[in-house]
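Please find below a colleague's note on the model shown here. The points are numbered so that each may be checked in turn against the structure.

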Amino acid sequence: MKSIGNRLSQRYVSKGIIEPHFCNVYSYIFDYMFNFILYNLSLLILGFILKQHTAAIVYVIIVGSLRAVAGGYHCKTRTSCYILSYTIFTLYLYLITIIPKMSAYILICIYIINWSSILIISPVDTPNKIFDSNDKKISKKGVHKLFIFNSIFTILSFLLHWNKGLLSIDLSLIICSLSLYTGYMNNPASVSLLSGDRKPQIHF
């Protein structure tokens with residue numbers, strides 16, 4: 001059965017909009033965009049159903065953007081990816097409801113620790129998603145931009161005493177950080193660097 005991306009790309013090929021040898025590339029892009037939109041939309045709907053719409057919006061913005069730019073752990077199959085993703089999101093919403101109110105200063109400290117760990121290791125490629133040296137430079141710049149925007153929003157939340165927003169941001173960043181470090185440890189190339197089996201490649 002042909003995917004939506006495959007059908008769209010073949011239609012554009014028949015109309016002469018894209019060249020035939022780019023059909024598979026556009027098919028992948030269309031499928032990725034469709035799955036990305038559908039997945040994040042389903043998270044927002046689930047958040048609204050559970051009356052955690054603000055937390056869901058924060059999660060989609062932070063986790064969605066960071067995962068797209070910084071990489072991280074990737075499951076081997078689409079089914080396992082969906083199961084893991086929805087499980088993590090459900091756990092995230094549950095934690096939002098049970099974690100007692102915390103001091104904004106503690107939440108800011110957690111925020112700094114989270115971003116420090118993310119900036120140190122990102123971007124992270126895996127056997128399922130490989131970055132070349134140019135991709136890593138572009139990704140690194142993207143992560144820095146996200147850090148700036150996220151920090152502006154976090155400072156505003158702090159000044160407005162919006163502790164629930166700060167907690168949502170911190171939990172989202174913890175999930176991103178765990179994904180990055182799990183992806184790093186599951187990458188054979190990364191593990192070999194840790195064990196000293198081969199020399200690291202330094203890109204300037």
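This is a predicted model: local features need pLDDT of at least 70, side-chain atom pairs count only at pLDDT 80 or more; totals for chains, interfaces and linings use all residues.

1. The largest cavity holds about 40 Å³ of space. A cavity is, on a 1 Å grid over the protein atoms alone, a set of points where a 1.4 Å probe fits but cannot get out. Grid points are joined across faces, edges and corners, and the volume is the space filled by probe spheres set on the points. By this rule there is one cavity of 30 Å³ or more.

2. Residues are numbered from 1 along each chain as its sequence is written, and side-chain values use heavy atoms, with hydrogens and water left out.

3. Which residues line the largest cavity? They are Leu 66, Arg 67, Ala 70, Gly 71, Cys 176, Ser 179 and Leu 180, a lining residue being one with an atom within 4 Å of a point. At least two residues of this lining come from H3, and at least two from H7. By class, four are nonpolar, two polar and one charged. Here Ala, Val, Leu, Ile, Met, Phe, Trp, Tyr, Cys and Pro count as nonpolar, Asp, Glu, Lys and Arg as charged, and the others, Gly among them, as polar.

4. Cys 176, one of the residues lining the largest cavity, lies in helix H7. Is this residue buried or exposed? Cys 176 is buried, because its relative accessible area is 4% and buried means under 20%, exposed over 50% and partly exposed in between (1.4 Å probe, protein chains only). In sequence, 103 residues separate Cys 176 from Tyr 73, yet their C-alpha atoms are 9.4 Å apart in space.

5. The protein chain has eight helices and zero strands, where helices (H or I, at least four residues) and strands (E, at least two) are DSSP runs numbered from the N terminus. The order of elements from the N terminus is accordingly written α-α-α-α-α-α-α-α. Of the 204 residues in the protein chain, 36% are buried.

6. The largest pocket contains about 1300 Å³ of space. A pocket is an open set of points with protein on both sides within 12 Å along at least five of seven lines. Its lining comprises 37 residues, and Arg 67, Tyr 73, His 74, Cys 81 and Ser 85 lie nearest the centre. Two or more lining residues come from each of H2, helix H3 (53-70), helix H4 (78-98) and helix H7 (163-186). The lining divides into 23 nonpolar, nine polar and five charged residues.

7. A nonpolar patch on the surface deserves a separate point. Phe 22, Val 25, Tyr 26, Tyr 28, Ile 29, Tyr 32, Met 33, Phe 36 and Ile 37 form this patch, with about 870 Å² of accessible area together. Patches are made of residues with over 30% relative accessible area and no salt bridge, like charges being joined within 9 Å and nonpolar side chains (Val, Leu, Ile, Met, Phe, Trp, Tyr) within 5 Å. A salt bridge is a side-chain nitrogen of Lys or Arg within 4 Å of a carboxyl oxygen of Asp or Glu. Accessible areas come from the Shrake-Rupley method with a 1.4 Å probe, and for residues only the protein chains shown count as cover. Tyr 32, one of the patch residues, lies in helix H2 (residues 23-49) and counts as partly exposed because its relative accessibility is 41%.

8. Leu 41 belongs to helix H2 and is partly exposed at 45% relative accessible area; its C-alpha is 8.8 Å from that of Val 60, 19 residues away in sequence. Leu 44 also belongs to helix H2 and is partly exposed at 24%. Leu 44 and Ala 55 are eleven residues apart in sequence, with 9.2 Å between their C-alpha atoms.

9. Most residues other than glycine have a negative phi, and most peptide bonds are trans. Lys 51, in the loop between H2 and H3, has a positive phi of about 60° and is exposed at 70% relative accessible area. His 161, in the loop between H6 and H7, has a positive phi near 60° and is exposed at 67%. The peptide bond from Ser 122 to Pro 123 is cis, with omega near 0°, and Pro 123 lies in the loop between helix H5 (104-121) and helix H6 (133-159).
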